[in-house]
Amino acid sequence: MARGALALLQGLLVLALAPGVVGLVRWLKARLQNRRGAPAWQPYFELRKLFGKEVVVSENASWLFRAAPYVVFVSTAAAALLVPVLAVPLPIDAVGDLLVVVYLLLLGTVFLALAGLDPGSAFGGMGSSREMTVAALAEPTVALAIFALALSAGSTNLGQIVARTMSDPAAALSPGHLLAFAALFVVMIAETGRMPVDNPATHLELTMIHEAMVLEYSGRYLALIEWAAALKLLVFFALLGNLFVPWGVAVVLTPAALALALASLVGKLAVLAVAVALLETRVAKLRLFRVPELLSASFVLALLAVTSSFLSR
Amino acid sequence: MESLFAQLVVLESSLVLIFGLVLLWRRRVPAYVSAFTWQSLVLGAVALTVGWFGRERELYFIGGLLVLVKGVAIPRLLGRMERRFASEREIAPYVNTATSLLVAGLLVLFGYAIMRPVVAASDLPTRAGMPLAMGLVLVSLFVVVSRKKALTQVVGFLMLENGIALLAILGTYGIPLIVELGVFLDALMGFLVMQIFVYRIHSTFETIDVDQLDRLRH
C-alpha cells in the first residue's frame, strides 16, 4: 500500500520538477554564455501564463489538432510514472517495463508530428517530417541500448535493472553499460530537441524541428506541450541517472532512505543539467544532413553495447 | 584483483576501438590525427595495465615506447604533413559516413564471431578484449580501403598496426621485446616511406586524392 502511494507521489514529484529542470538548464546556459539569465523557476511562470491565455486555433485544423496536446501530455506523464525515480521496486513496475516507456514517449512524438501536419502550415509539415526522420533513426538505438541493460540484468523491468546494478557495482563500469550510456545520451539529445540536433532557444530558424511543429499552438495547448517536453527531458534524465548510476535510489521505505533518494535524484539531475548546458554552449548546431550520421554513430555504439553485454553475460 | 584486471583491460580495449570508430564519424584530417593520437595513448595504457597485473616488466618498456612513438612522434609528423596539404582538409570517402559507421559496426560483430574459438580456448583474464582488437583491425582495414586521401589511408594503416599491437598484448602479454622493437621500427619505417610517397604523389598530381592516380599524364 505504502509503495503504491509512493509511486503516485513520485509521479506528482516528477510532474512538478520537470519545468524546473528545463529552467535550470536554461539558467546554466545563460551563465555559461555570460548572460544573467532568467531564474530556474521561470518556466513555472510561463506555464501559468500560458494556461491563462486564450486558445487560437486555425480554422483548417481538425479534431486531431485539439486532441494531440492531451495525448502528448498524458503519454509522457504515463512514461514518467513508470520510470524509477525515488524507490524500487514499486507495484507500478508490473504495469510496464522499459519498452513501454520508450513507446509511450514515441506515441507522443507521433501525435505531435501529426498535429504539426494538421493545420497545413508549411513550417509545421517541415518540422514533422524532420521529427519523424530523427525519431525513426533514434528509436532503434533506444531499443538496442535498453536491450544491452536488460541483457545484463536478465529482465526488461526497470526496477529489476536498478536493483541488479546496485547489487553488482562492477557491472556499471562494464563496456556494455558505458557504451549504452553514451548511445542513450546521444539519443536523449536528439529526442528532446537539444542543441547539436535542434535548437530549443529559437523560433526563427529554418532548420528547427520541435519548435516548427508547435508553431501553431497557443494558450493551454502550448502549455501542455511545453510541459510534456520538459517532462520528456526529465524522463530521459531519470533513465540515464537511475539506470546507469542507481546508487541513492531507496530500496527500503524508511524516511532516511527516501530523503537520501530525493537528494541523490536532485544531485543527478543537476549533474546532467550541467552536462547538457556545457554541451549546448560548446557545440554548434549540426547541419540537418549530418544528424543521421550522428544517430547512426549512436546506433553503432548501442549495437556494440548489446554485443558486449551479450558475450560477457 | 583478477576481475579488476579483466574489467580495466576490457574498458581500455573498448576505448581503443571507440577512437577507431570516432575516426569514421569525423570529417577532417586534423580530427583523424587527434583520434589516432588518443588511441595510441590508450593503447600505451593497456600495455602498462597488462604489465602491472601480469607482472611483465618488458611491457612497461613497450608501453613507454608506444606512447613516445605513436602518441607523440608520429602524430607530430602527421600534423606537419597535414599542414602542408592544408587545402585538402575535407575527407572525401568512397562510402558515406552513416554507411561506414554501420559497416564498421558489422565488422566489429564479425570480429567477435571469428575470435570466438580463440576466446573460448584462452583462460587469460585479458581474453574479453581480444575480439575488440580484431574488430579494430577490421575497421582500420575498412578505413584504408574506403578513404580517398592518401593521408587518411596512412592513418588507417597506423591504426591497423595499433590493432595488431593490441591483439599481441592481450593475447600473449606481449611478444618478445626484440620482435616488438622490430615491429616498431618497421611501422616507423613504413610510415616514413609512406610519407615520402604522399609527398611524391602530391608533387606529381598536385593532390593527395588517390582517385586521381589513374590519371597518368599531368
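Modeller: From the N terminus on, the elements of chain B run α-α-α-α-α-α-α in this predicted model. Chain B has seven helices and zero strands.

Biologist: What makes chain B as compact as a globular protein of its length?

Modeller: The globule rule gives 17 Å for 218 residues, and the radius of gyration of chain B is 18 Å. The two values are close, so chain B is as compact as a globular protein of that length. Along the principal axes, its C-alpha atoms fill a box of roughly 60 × 35 × 25 Å.

Biologist: How does chain A stand against the value for a compact globule?

Modeller: A compact globule of 313 residues would have a radius of gyration near 20 Å, and chain A has 19 Å, which agrees. Its C-alpha atoms fill a box of roughly 55 × 45 × 40 Å along the principal axes. Chain A has 11 helices and zero strands.

Biologist: What share of each chain counts as buried?

Modeller: A residue is called buried if 20 or more other C-beta atoms lie within 10 Å of its own. By that rule, buried residues make up 44% of the 218 residues in chain B. In chain A, 51% of the 313 residues count as buried.

Biologist: How do you know that the length of H6(B) agrees with its number of residues?

Modeller: At 1.5 Å a residue, the 23 residues of H6(B) should span 33 Å. The end C-alpha atoms of H6(B) are 33 Å apart, so the two values agree.

Biologist: What makes H6(B) a mostly covered helix?

Modeller: Of its 23 residues, 18 are buried. Just after H6(B), B:Tyr173 takes a positive phi of about 55°.

Biologist: Where do A:Asn34 and B:Arg55 lie, and why are they called exposed?

Modeller: A:Asn34 is found in the loop between helix H1 (2-32) and helix H2 (42-52) of chain A. A:Asn34 has 7 other C-beta atoms within 10 Å, and the cut-off for exposed is 12 or fewer, so A:Asn34 is exposed. B:Arg55 is placed in the loop between helix H2 (29-54) and helix H3 (57-84) of chain B. With 9 C-beta neighbours inside 10 Å, B:Arg55 meets the cut-off of 12 or fewer and therefore counts as exposed.

Biologist: Which residues of the largest nonpolar core touch the most other members?

Modeller: This core has 172 residues, and A:Val21, A:Leu234 and A:Ala302 touch the most other members. Helix H9 (residues 219-244) of chain A gives the largest share of this core, 18 residues. Leaving aside neighbours within four places in sequence, A:Val21 is in contact with residues including A:Ala230, A:Leu233, A:Leu234 and A:Phe237. In soluble globular proteins, nonpolar side chains tend to be buried together.

Biologist: How many residues does each chain bring to the contact between chains A and B?

Modeller: Chain B brings 17 residues and chain A brings 15 residues. On the side of chain B that touches chain A, helix H1 (2-25) and helix H4 (97-121) of chain B each supply at least two residues. H4(B) gives the most to this side, with nine residues.

Biologist: How do the residues of that side of chain B divide into nonpolar, polar and charged?

Modeller: They comprise 12 nonpolar residues, five polar residues and no charged ones.

Biologist: How confident is the predictor in chain B and in the model?

Modeller: The mean pLDDT of chain B is 84, and 95% of the residues score at least 70. Within chain B, confidence is lowest in H7(B), at a mean of 81, and highest in helix H5 (residues 130-146), at 91. The model scores ipTM 0.75 and pTM 0.85.

Conventions:
Residues are numbered from 1 along each chain as its sequence is written. Chains are lettered from A and ligands numbered from 1 in the order in which they are written. This is a predicted model: local features need pLDDT of at least 70, side-chain atom pairs count only at pLDDT 80 or more; totals for chains, interfaces and linings use all residues. Two residues are in contact if their C-beta atoms, placed from the backbone, lie within 7 Å. Helices (H or I, at least four residues) and strands (E, at least two) are DSSP runs, numbered from the N terminus. Ala, Val, Leu, Ile, Met, Phe, Trp, Tyr, Cys and Pro count as nonpolar, Asp, Glu, Lys and Arg as charged, and the others, Gly among them, as polar. The expected span of a helix is 1.5 Å times one less than its number of residues. The radius of gyration is taken over C-alpha atoms; the globule rule is 2.2 Å times the number of residues to the power 0.38. A nonpolar core is a set of buried Ala, Val, Leu, Ile, Met, Phe, Trp, Tyr and Cys residues joined through C-beta atoms within 7 Å. pLDDT is the predictor's confidence in each residue, from 0 to 100.
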